[in-house]
Amino acid sequence: MRAPESASHKPPAVELRDICHRFAQGGRDLPVIEGLNLSVKEGEFLSIVGPSGCGKSTLLRLISGLSPPTSGAAYVNGEHVDRVRTDVGYMFQTDALLPWRTVLDNVALPLKLQKVRRQDRERRAREWIATVGLRGFENSFPHQLSGGMRKRVSLACTMVATPNIILMDEPFSALDVQTRSLMENELMAIWQRERKTVLFVTHDLEEAIALSDRVVVLSARPTKVKAVRTIDLARPRNVLDVRSELSFHQLYTQLWEDMREEVLSGYEQERAAARMQGADKQ
Amino acid sequence: MSKTEHILSGPIGRVAVVVLFLAAWEGTARLGWISPFFFSSPSEVFDVIRVWYARGHIFGNMGFTLAEAFIGLVIGAVLGTAIGFALAFLPRVAAVVEPFMAIMNSFPRLTLAPLFIVWFGFGMAPKIVLVATFILFMCYLNAYTGLRQVPPELIDRARLWGATRWDLARDIYLPSAASWILTGLRASVGFAVIGAVVGEYIGGDSGIGFLILTGQSRLRIREVFAGLALLLIAAIFIDYLLRRIESYLLRWRAEASASGHQMT
Amino acid sequence: MTTTAKRIWQVMVVASLLGAWAIAASQSLIVRDVVGDPFAVVTQLFRLVGSGEIFRHLAVTVEEAVIGFSIGAVLGAAVAFVLTFVPFLRRLFDPLIGIIAVVPRIVLAPVFMVWFGLGISSKAAMVATIVFFIVYFNVDAGLRSVSGLLIDRARIMGADKFAMTREIYIPASVVWILSGLRVSVGFAFLGAIVAEYLGANAGIGSLIATAQSLNDPNAVMAGLVVVLVVVVPLDRVLTVIEARTTAWRGT
């Protein structure tokens, strides 16, 4: 399919057009996303926030081609997504490491799958392991590492394959607060250097503001874009320091206003679903 | 914990408990407190083993039994794993075949021994088949479960890195199932030996099971105990060997908690 | 695939296997001699049921399994309790139990034949031994799994040792006995039947063993079909019970 024309000369890194998505759930057809449009510029760090169950993760799966939308289309670099995009990096909430491979073998796996020569993949894997601060742990197995360290390995795995676009699905939500800030700063440093396009899904407004160029607020189901806010805080940023700036609080208040209603209605939906499930069981 | 208790729980204590038990058995037998007809005594059992050894009974029969167990184990493991893979990747076939597998699985397969003896005679073949039927289901179940337990994120990620079906099978499915299969196999080894020995009980002319059965038919409990003692030694040795192999192959797994708070 | 299509396929698989067997048996004397003939197996079954012979044998096997199971389960649970509450005894007996656990209990059958003869008691003893270990290990694991947190909470609420046993340890172990029920019932039958193979004057196992010694594949098959018909549905039922009673454990 031909790429859609866009205002600028270069096509957007990611574009979603009239996306609708439905799930069949217990015989009921559940619309999750309905008529969603979104465009992400190249090199942009964009966060997606929204109430739980609004299909944030589904969006990332659509962009990566892991699942097709019910209708509408996703475009990556102007190309219609109709198969799994192997040029996209994806970080899941779980660290998704292969437990039987050492750190080095885990980080080298994407290169192996891309048929990179053995020496090259080892060299590149070692570089990224050093970048995420895990030199000396090359031969450790995942179970020997802490949660934060596993997350670093997972980040190295994502980056080593040199993706153009990185999709992150609440990657740090399982970490404790301190480790989390460390990882966020690390991610910022890497992003500052590599300038990849990042789509970052989170439920944490502060995290979204601290990291992003723009924050997209999604509505409760059926999901649409509720608001888009530009974050004009200076870069490079330190995610801890930036939280004490005055404009940070203004942005926070603004975004929370956008979200409040949606969170409440999302909560209502979850309770209704739980009640229905309870009724089904009886 | 008191000092005696502390010593008891160590490896020396374990050996001491076993020695103590054997001494008590021997002592009560010598004093005539227990009937030698029913309980024999460690020295009598040892004598039987010595005589068997002198007559060259032990290695031939042990080799026979272990060969049955080993060949059956390999055949069962290969077939079971293959079936597990086939069913995991062919869901349509799985849907048809699964109920049969479930029925066979809940059927006490050891009771098939007489059937195999009628079919295959008194040699090694019926025992090998019995062991293989036994192991096949265990390996099939483990492989099938292992394959279905692969976290979907692992698959998704590998696909995004351009993994082909073959890549997925080799780099993700097989190693993931391997840990299940290996763990299952270690548990199966005991069953393989049972299969072989019970097969020999029911019809055979050599093997440790045959020695034990001969003892039973002559009402010589010391020969029954001697055969069982040989089995015990073999079982402990094999179990130790397999633990070593397993912990090497599965060294990537977190150690099972030593505190003993495991659920199963 | 729809359920109907699945059923049709399943019936076809069974029918073609049986058909192949029947044709092979009708064509070849060797096949008939070695693996028997499906029609002869059915005839045998009718004869066994019609004469009531099968019920006499079944009653004996069930009796052995039930007696052995009761003794084994009670003793297994009792020993697990005693060893949990008297740590000194645990340290004394753990090594012995560990060693016996390495030997599959079913190979002990000849010992019981010598001790108790060809009657019911030798089979009941075999079954009791098998069930004892299953229940012992299950209850032991159950008692260990009672978390320190739960015990601490009960103690803060002022529970004494009796209250703790009644409210925490016994419920925990009952559920673990139930969770081992399916396995132990299956093994109870297996133990009874295998012990009957080694020498008995009644029971399903002795029926099969006699047929084997007469080299009669049809009668062996008929006996195994009876085992299948009794054990498999029982296993299904117990699986459901197990799933219900252990639902709170999650997986």
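How many of the 11 residues of helix 2 (residues 103–113) of chain A are buried?

## Helix 2 of chain A

In this predicted model, 10 of the 11 residues of helix 2 of chain A are buried, so the helix is largely enclosed by the rest of the structure. The buried positions are A:Val103, A:Leu104, A:Asp105, A:Asn106, A:Val107, A:Ala108, A:Leu109, A:Pro110, A:Leu111 and A:Leu113. A residue counts as buried if 20 or more other C-beta atoms lie within 10 Å of its own.

The cover over these buried residues includes elements of two chains: helix 3 (118–131) and helix 4 (147–160) of chain A, and helix 9 (152–160) and helix 10 (165–202) of chain B. After helix 2 of chain A comes A:Lys115, with a positive phi near 60°.

## Helix 7 of chain B

B:Gly121, just after the helix, adopts a positive phi of about 85°.

## Overall form of chain C

Chain C contains 12 helices and 0 strands. The radius of gyration of chain C is 23 Å, whereas a compact globule of 251 residues would have a value near 18 Å. Along the principal axes, the C-alpha atoms of chain C fill a box of roughly 75 × 55 × 30 Å.

Of the 251 residues of chain C, 38% count as buried. Among contacts in chain C between residues at least 6 apart in sequence, 74% link residues at least 24 apart.

Key
Residues are numbered from 1 along each chain as its sequence is written. Chains are lettered from A and ligands numbered from 1 in the order in which they are written. This is a predicted model: local features need pLDDT of at least 70, side-chain atom pairs count only at pLDDT 80 or more; totals for chains, interfaces and linings use all residues. Helices (H or I, at least four residues) and strands (E, at least two) are DSSP runs, numbered from the N terminus. A residue is buried if 20 or more other C-beta atoms lie within 10 Å of its own, exposed if 12 or fewer, and partly exposed in between; C-beta atoms are placed from the backbone. Two residues are in contact if their C-beta atoms, placed from the backbone, lie within 7 Å. The radius of gyration is taken over C-alpha atoms; the globule rule is 2.2 Å times the number of residues to the power 0.38.
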